[in-house]
Amino acid sequence: MSAVVEQTKTVQPRKAVLAMPEYHPPLAGRDALRLDFNENTFSPSPSVLRKLQQLTSEGMTIYPEREPVERIVAQHFGLQRDQIILTNGVDEAIHLVSCTFLDEGDEALICTPTFFMYDVSISLMTSGLRRVQSDDSLTFPFERFLAAITPRTRLIIVASPNNPTGATVSREHLLAIAAAAPQAVLMVDEAYFHFHGDTTIGDVGSIPNLIVARTFSKAYGLANLRIGMLAGDARLISYIRKVSSPYNVNGVALAVLPDAVADDAYIAWYVEQVRKGRERIFAALRELGVRTWPSAANFVLMDIGRRHKELCAAMHKRGVLVRDRSADPGCDGYVRITVGIEDHVTRGIAALCESLAEIGWTPAEGRGQA
Ligand SMILES: Cc1ncc(COP(=O)(O)O)c(C=O)c1O
């Protein structure tokens with residue numbers, strides 16, 4: 001049989017699927033202190049735990065009902081129900097936004113380094129992804145970003161605070177981007193909002209092309225339940241709702257979400273733990289001579305240099321996972337550590353000190369203090 005005939009018998013995915021990048025976070029083997037994925041390191045609110053205990057077996061048998069919970073969550077954010085949609089984490093939100101607004105040939109714009117799932121979801125829809133690289137300061141390249149907008153730009157995604165840099169983008173700059181690209185959706189990913197405090201959610205509705213993404217995976221401690229949301233102009237959200245499966249969010253997440261958002265005191269406590277822990281980690285790394293970048297999120301990026309893999313392995317040996325970010329553009333030798341509750345920060349710092357000593361690291365191996 002000829003090779004041509006053989007090939008037609010083999011199922012092939014879309015060309016975009018063959019070309020798209022792959023994201024391979026570890027899906028097993030994280031049985032340690034997990035300072036590698038910027039999760040809440042402790043627990044969701046006690047009221048969420050109480051609600052989980054009240055769930056019934058009968059409740060598991062029915063399809064989940066998203067709408068009543070969307071009303072409660074919208075009200076919490078001062079929005080109408082038609083201005084939000086709950087999603088299976090922000091990961092799904094990115095996917096839905098890309099599917100809803102991008103055709104092949106359209107341009108989409110992100111800065112790099114940033115959250116890798118933007119690349120994955122956008123590349124599935126178009127080969128027109130444009131990346132604007134931050135310089136060594138890892139701050140948001142505002143002027144160059146603005147200059148990269150073209151009449152073909154249909155989607156712009158900006159994370160503030162950004163992952164893995166921890167850098168923020170001011171509301172003024174975000175609104176300038178939205179105004180410069182009225183033909184494009186600007187999605188502001190506020191996954192790490194709580195650890196910073198600035199938001200554009202108050203501009204939803206008045207800026208017609210703005211969509212804000214929030215996750216409940218980080219400060220709220222619900223990463224395992226896969227729940228996030230998009231807030232935006234009702235017209236834009238209605239298109240996304242068309243694309244979304246009606247049962248994209250599971251009933252357990254829906255059952256506990258009203259309790260999670262209502263417990264402001266718990267979130268305030270957790271955020272304070274992170275703010276204090278972040279300062280302790282910065283101080284420890286300063287003392288050790290490790291270069292870092294300012295972070296408004298629940299993680300710190302550090303420059304270890306060519307021994308980055310050795311450091312991650314030495315940390316793992318001590319039961320602490322950290323994330324090697326060396327493959328991110330402009331991040332060669334950089335490692336990210338999540339900031340959690342006080343005890344976890346103490347263990348993380350101790351493991352860092354011991355691991356750097358074990359591998360015989362000296363500040364000359366990174367590039368010293370920024
Ligand atoms: C910037 C950013 N957005 C979104 C996500 C994913 O959030 P979720 O757990 O809601 O899918 C992450 C996770 O690390 C992230 O860093």
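1. A residue is counted as buried if 20 or more other C-beta atoms lie within 10 Å of its own, the C-beta atoms being placed from the backbone. The model under discussion is a predicted one. By that criterion, helix α7, which spans residues 117-125, has M117, Y118, D119, S121, I122 and M125 buried.

2. Which elements cover the buried residues of α7? The cover includes helix α6 together with the strands β3 (107-112), β4 (128-133) and β5 (153-159).

3. Residue I122 of α7, listed above as buried, is also a contact of L155. Leaving aside neighbours within four places in sequence, L155 is in contact with V97, S98, F101, L102, A108, I122, A184, V185 and M187.

4. The largest nonpolar core comprises 102 residues. Within this core, V97, L155, L186, I211 and L230 touch the most other members. Helix α6 gives the most to the core, with 6 residues. At least three residues of the core are drawn from each of domain 1 (32-40 + 265-365) and domain 2 (63-262).

5. Helix α6, residues 89-101, also supplies the largest share of the shell around the ligand, namely 3 residues. The shell holds 13 residues, of which G89, D91, N163, T215 and S217 come nearest to the ligand. How is the shell divided by class? There are 5 nonpolar, 6 polar and 2 charged residues.

6. Strand β10 (residues 299-303) is mostly covered, with 5 of its 5 residues buried. Its side chains may be considered by direction: F299, L301 and D303 point one way from the strand, whereas V300 and M302 point the other way, and all are buried.

7. In β10, D303 is the bridge partner of R291, while in β13 the bridge partner of D303 is Y334. D303 is buried and points the way of F299 and L301 from β10.

Technical notes
Residues are numbered from 1 along each chain as its sequence is written. This is a predicted model: local features need pLDDT of at least 70, side-chain atom pairs count only at pLDDT 80 or more; totals for chains, interfaces and linings use all residues. A residue is near a molecule or strand if its C-beta atom, placed from the backbone, lies within 6 Å of it. Helices (H or I, at least four residues) and strands (E, at least two) are DSSP runs, numbered from the N terminus. Ala, Val, Leu, Ile, Met, Phe, Trp, Tyr, Cys and Pro count as nonpolar, Asp, Glu, Lys and Arg as charged, and the others, Gly among them, as polar. A nonpolar core is a set of buried Ala, Val, Leu, Ile, Met, Phe, Trp, Tyr and Cys residues joined through C-beta atoms within 7 Å. A residue is buried if 20 or more other C-beta atoms lie within 10 Å of its own, exposed if 12 or fewer, and partly exposed in between; C-beta atoms are placed from the backbone. Domain bounds come from an automatic or database domain assignment. Two residues are in contact if their C-beta atoms, placed from the backbone, lie within 7 Å. Two strands pair if DSSP finds at least two bridges between them.
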